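Please look through the structure shown here before reading on. The report below is meant to be read with the model open.

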Amino acid sequence: MSDVETSGTGTGSSPSPSRRNLLRGAAGAAGLAAVSGGLLTACSSSDSDDKKSSGSKSTGSVAGSTVTFGSNYSDPAAKTAFAALTTAATASSKVKVNVNTVDHNTFQDNITSYLQGTPDDLFTWFAGYRMQYFAAQGLAEPLDDVWEKIGGNFGPAAKQLSTGLDGHQYLVPLYNYPWVVFYNKSVFASKGYTVPTTWDDYIALAKKMKTDGLIPLAFADKDGWPALGTFDILNLRINGYDYHTQLMTHKIPWTDAGVATVFQHWAELMPYMQSGANGRIWQDAAKTLEAKQAGMMFQGTNQVAAQYVTDKANLEDLDFFVFPEINPKWGQDYMDAPTDGFMLSKKSKNKDAAKAILEYIGTGPAEAEYLKTDQWDVGLANGLQVPTYNAIQKKSVTEIGKCKAVAQFMDRDADPAMAKAMISIIQKFIDDPSSGNIAALQKSAEQQAKAIYTS
């Protein structure tokens, strides 16, 4: 899911750090995701002082009270899964939860003013830089006491992704999900297609699909954020993870030749991507794949798989492969696998009860409860057993686990203002992927980056 929003100036009690310092810390958190190997749990926390319990229930002092929970889980399937989670949290803690659901994009667009105004006690948000940003502005409450109880349930990288620049924890993670290339097994079988593992194979398959009357790649970018994922994976495949994180933090200029190479490869792919993308929402692109009018779609599992679930489509026919290798030096070592979770508002009116809810959410049973009805994401708790995992989720666990590092998506890894600027720039590229326009767009990106990262 997207998390682009326009950031304002924080009004919390903590001083707001410079964007450059925030990004420097974010890059470190993203890098630590590499040690996780997939679900951010491969490195055991058994030697950590945090390992105090596998779960906890609220104290009697908060039983019978009520907390409010601001949620961006607005898609029908995600909304159902979240309702199951909060119902289970109430049963465990005896704290009533009133959920206020807002359309996903609207939630992101207004998150800063929401937190500065009269926010709910708890709210859904994202790990890494995006969590650090609001924590540093004093708009979120530290959760160190919660982590004292749930720390043993997670690996060190999951904890790092939940930690602010001040060393305190501000988020309780729930799940992550990979960005991969989806396809229908029946289409590949009937056409004799094979899964591509290299760029040349990928282009050749796209050409064949077009000849066969299919849209090779379903594609949409009306919301702006979906195409950021395509940039990310091309950059990770061509230039590697370190280059990508340095570009996101403006340690490498946007006019660099490596960025030009990313856009050049994308331009090579454009004839096979669904036209009119800037006027199409991702749900409609997913329906094109679902209807077997398109052969493939690069998107997150919590979009495409969730769409199949919502539409009661044939989920058993859906499969995916990781994006093909471009530069043999990096192979298929990296991908975007964003982590989502929950935070406590600084202005919460019932912090103790809200923390009791988070103490339950930060357990394996809570994740398993959520994942009973979530058929696209994968949980993060150590030793998590989810009998309801389908083939897509099982494969997600495996493929994330193969990665040497995972990124958190451009609109989480970069300054919010820069991610916003790149939405406009990439949409202009989609309209005109010519070499002359690429150079102009790189120059524009660099000019905006200089203004953003020096402010």
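This is a predicted model: local features need pLDDT of at least 70, side-chain atom pairs count only at pLDDT 80 or more; totals for chains, interfaces and linings use all residues.

Residues are numbered from 1 along each chain as its sequence is written, and side-chain values use heavy atoms, with hydrogens and water left out.

**Salt bridges**

How many salt bridges does a search of the whole structure find? The search finds twelve, where a salt bridge is a side-chain nitrogen of Lys or Arg within 4 Å of a carboxyl oxygen of Asp or Glu. The table gives some of them.

| Salt bridge | N to O distance |
|---|---|
| Glu 141 and Lys 346 | 3.5 Å |
| Lys 404 and Asp 333 | 3.5 Å |
| Glu 369 and Lys 372 | 3.2 Å |

Glu 141 and Lys 346 are joined by a salt bridge between their side chains. Glu 141 lies in the loop between α5 (129-136) and α6 (144-150), and Lys 346 lies in the loop between β10 (339-344) and α15 (351-361), so this pair ties together parts that are 205 residues apart in sequence. The helices (H or I, at least four residues) and strands (E, at least two) named here are DSSP runs, numbered from the N terminus. Glu 141 is buried, with a relative accessible area of 14%, whereas Lys 346 is partly exposed at 32%. Here buried means under 20% relative accessible area, exposed means over 50%, and partly exposed means in between, with a 1.4 Å probe and protein chains only.

A salt bridge also joins the side chains of Lys 404 and Asp 333. This pair links distant parts of the chain, 71 residues apart: Lys 404 is in the loop between α17 (391-402) and β12 (405-407), and Asp 333 is in the loop between β8 (318-321) and β9 (334-336). Lys 404 is exposed, with a relative accessible area of 53%, and Asp 333 is buried at 18%.

In the salt bridge of Glu 369 with Lys 372, Glu 369 is partly exposed, with a relative accessible area of 22%.

**Two helices in contact**

Two packed helices are described by the angle between their axes and the distance between the axes. The axes of helix α10 (residues 226-239) and helix α11 (residues 241-248) come within 7 Å and cross at roughly 130°. Axes are lines fitted to C-alpha atoms, for helices over the stretch in contact, and angles run from 0 to 180 degrees between N-to-C directions. The helices α10 and α11 are therefore oblique to each other. Angles under 35 degrees count as roughly parallel, over 145 as roughly antiparallel, 65 to 115 as roughly perpendicular, and the rest as oblique.

On the α10 side the contact is made by Phe 231, Asp 232, Asn 235, Leu 236 and Asn 239, and on the α11 side by Tyr 241, Tyr 243, His 244, Leu 247 and Met 248. Contact means heavy atoms within 4.5 Å.

**Residues in loops**

Where is His 250 found? His 250 is in the loop between α11 and α12 (257-269). This residue is buried, with 14% relative accessibility. Leaving aside its neighbours within four places in sequence, His 250 is in contact with Glu 446, Ala 449, Lys 450 and Tyr 453. The side chains of His 250 and Glu 446 make a polar contact of 3.0 Å. A polar contact is a pair of N or O atoms within 3.5 Å; within protein, one must be able to donate a hydrogen and the other to accept it, and residues adjacent in sequence count only if both atoms are side-chain atoms. His 250 and Tyr 453 are 203 residues apart in sequence, and their C-alpha atoms are 7.3 Å apart in space.

Most residues other than glycine have a negative phi. His 250 has a positive phi of about 60° although it is not a glycine. Lys 312 is not a glycine either, and has a positive phi of about 55°. Lys 312 is placed in the loop between α14 (301-310) and β8, and is exposed at 75% relative accessibility.

Thr 163 is in the loop between α7 (156-161) and β4 (172-176) and is buried, with a relative accessible area of 8%. The side chains of Thr 163 and Gln 169 are joined by a polar contact of 3.1 Å.
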